Amino acid sequence: MDEKLNWFQRFIHWREKHITDKQFTLILSFLVGIFTALAAYLLKFIVEYIKEFLTNSFDSTGANWLYLVYPVVGIFITSLFIRKIVRDDIGHGVTKILYAISCKQSRIKRHNMVSSIFASGITIGFGGSVGAEAPIVLTGSAIGSNLGSIFRMDHKTLMLLVGCGAAGAVSGIFKAPIAGLVFTLEVLMIDLTMASLLPLLITSVTAATISYMLTGTQAMFQFQMDYPFEIARIPYAIGLGIFCGLVSWYFTRAMNWIEDVFRKYSNPYTKFLMGGTMLSVLIFLFPPLYGEGYDTITLLLNGTSGEEWNTVMNNSLFYGNANWLIPYLIMIILFKVFASSATNGGGGCGGIFAPSLFLGCIAGFVFSYVCNEFGIGHTYVPEKNFALMGMAGLMSGVMHAPLTGVFLIAELTGGYGLFLPLMIVSVCAYLTIIVFEPHSIYSMRLAKKGELLTHHKDKAVLTLMNIESIMETNFLTVRPEMDLLAMVKTVSKSNRNLFPVVDVNDKLIGVVNLNDIRNIMFRQELYHRFHVEKFMEVPKARIVTSDSMEQVMKKFDETGAWNLPVVDEENRYKGFVSKSKMLNTYRQVLVDFSAE
């Protein structure tokens, strides 16, 4: 073991002497691309194998009772795997990445390199109504983070490698290198500089190339554009964008509400019973909710007639009822969020990438079908085209990532001929949802806590700082009942001019400023007449250890103070923060953050 360790140490030293950090970062980004593509392939293989094995013999002409069983079994196995083997929360993968970038120096636990693959593979294969993409993005980011940690890369490089892992995961699972790059810049908010662009490109292209080698070069969804886009359809595209924005808002709010309901219960078996029951009933009634729903997307993108579209109701109680097609799809739009939330709330593991694509495709199809059926306007609205455009709209709205929506859908389907309407729908969906939701479904939890790293440079730098790094603790405390003589003795032992006043429980009462007692501290006749409680002052503000750095800066600005005391949630004294040290730290973090 020691020999292996020494060999690795020698390699590290050799690398530091012969290969620059920038060059080695490019090498690591290439390796991240390979590993993330292989991880994505493994996850997709597990999902497809389990799904095919379980549903291959299903009867398409009626209801299948096993839909009531499989999802429950999948959630139960996944829940046991997470609680007994992983023993860590691996849900909300992209939120975890954002938190790691903002608050944990881009360090992601090693088990995340494999745990999400098996947990989400079992969940989705057995019918969990979630996507495999967020888990594989967490897997890719964990690969990047841990590969960088092994080779002792600095914090900024780790952040970049986390972004590379995410880009490689999206690129590998979708065979969409541009979308992988844009996703990292838009959703993870990695700053776009020349130093970051090249590693991200290398990872994305490498991951896509490996995926091409393993699964072929064809697009993930086959799409044949029968109707080229016309200027007369622009109003319909704008209308679809607004509709997608509203559906995104419903999806986001409903998912948060349902998750809050599940969060009220601490017993995992209670959550399992609630989630499993809800999911199995919904899948039994609406089989398209089974798994990722990509079969439904393929059907709506390639169907050209009512007969083909009606097959979406196969395997269900609605089979053969053509008149129920649109009500059936509208109910799926309404209930998809319940199925996805029940999957994760009940103990499963998955993301909202696939649900966004699934819902967007159905929303676009329903919008165009209704327009044609009721003769809204005088132009035919191609269902296939608008189903494709709806996918971009929902992804843009739910993730607050319009560029990701445009490029991902174009690359997924090869639908580059619809680039302009894809952009119109994405932008309109985004502009619609930000009226109601300033943050994406991924970032809203962190934004509420002030832990979200953003493209706003000032806020980003403050987020990267923390109170512990700027708090000073070498201040001598005094008690309110101490007389002036005891105060003078304390002053003689200190090199600071501030003295926090605390009670017997170390709770902060006030502060003594040396300048306020300088005129009496040498008058011996006053030594026993004056006590600390007479000349202490109440601090202009208190910094609480749970405050964000943005709140700390705001308190300094509002009070005009140069020093403020720090207390915990129960008002126990912890130290002082000085504005000068905070500004010096801010400047250093800004230099590190902005350096090419």
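**Exercise 1.** Is D88 buried, partly exposed or exposed, and at what relative accessibility?

*Solution.* The model is a predicted one, in which local features need pLDDT of at least 70 and side-chain atom pairs count only at pLDDT 80 or more, while totals for chains, interfaces and linings use all residues. Residues are numbered from 1 along each chain as its sequence is written, and side-chain values use heavy atoms, with hydrogens and water left out.

Start with the classes: buried means under 20% relative accessible area, exposed means over 50%, and partly exposed lies in between (1.4 Å probe, protein chains only). At 23% relative accessibility, D88 therefore counts as partly exposed.

Next, look for a partner: D88 forms a salt bridge (a side-chain nitrogen of Lys or Arg within 4 Å of a carboxyl oxygen of Asp or Glu) with K109, and the closest N and O atoms are 3.3 Å apart. K109 lies in the loop between α4 (93-103) and α5 (115-125) and D88 in the loop between α3 (70-86) and α4, so the pair ties together parts that are 21 residues apart in sequence. K109 is partly exposed as well, with a relative accessible area of 46%. The helices named here, and strands too, are DSSP runs numbered from the N terminus (helices H or I with at least four residues, strands E with at least two).

**Exercise 2.** Describe the protein chain as a whole before turning to its parts.

*Solution.* First count the elements: the protein chain has 26 helices and six strands. Its C-alpha atoms fill a box of roughly 105 × 55 × 50 Å, taken along the principal axes. Of its 596 residues, 55% count as buried. Finally, consider contacts (heavy atoms within 4.5 Å): among those between residues at least 6 apart in sequence, 76% join residues at least 24 apart.

**Exercise 3.** Which residues have the most contacts inside the largest nonpolar core?

*Solution.* A nonpolar core is a set of buried Ala, Val, Leu, Ile, Met, Phe, Trp, Tyr and Cys residues joined through side-chain atoms within 4.5 Å. The largest one has 112 residues, and F174, F183 and L329 have the most contacts inside it. The largest share of this core, 12 residues, comes from helix α15 (residues 353-373). Leaving out residues up to four places away in sequence, F174 touches E133, M220, Y294, F353, L357, L408 and L412. Apart from this core lies another, of 17 residues, among them M487, F499, L514 and F535.

**Exercise 4.** Work out how helix α22 is covered.

*Solution.* The buried residues of α22 (residues 484-493) are L484, M487, V488, T490 and V491. They cover an arc of only 160 degrees around the axis, which puts them on the same side of α22; the arc is that of the directions from the helix axis to the C-beta atoms. On the other side of α22, S492 and K493 are exposed. What covers the buried residues includes β2 (498-502), β3 (508-513), α23 (514-517) and α24 (532-535).

**Exercise 5.** Contrast L38 in helix α2 with T206 in helix α9.

*Solution.* L38 counts as partly exposed at 42% relative accessibility. T206, by contrast, is buried, with a relative accessible area of 10%. Leaving aside neighbours within four places in sequence, T206 is in contact with F30, G33 and I34.
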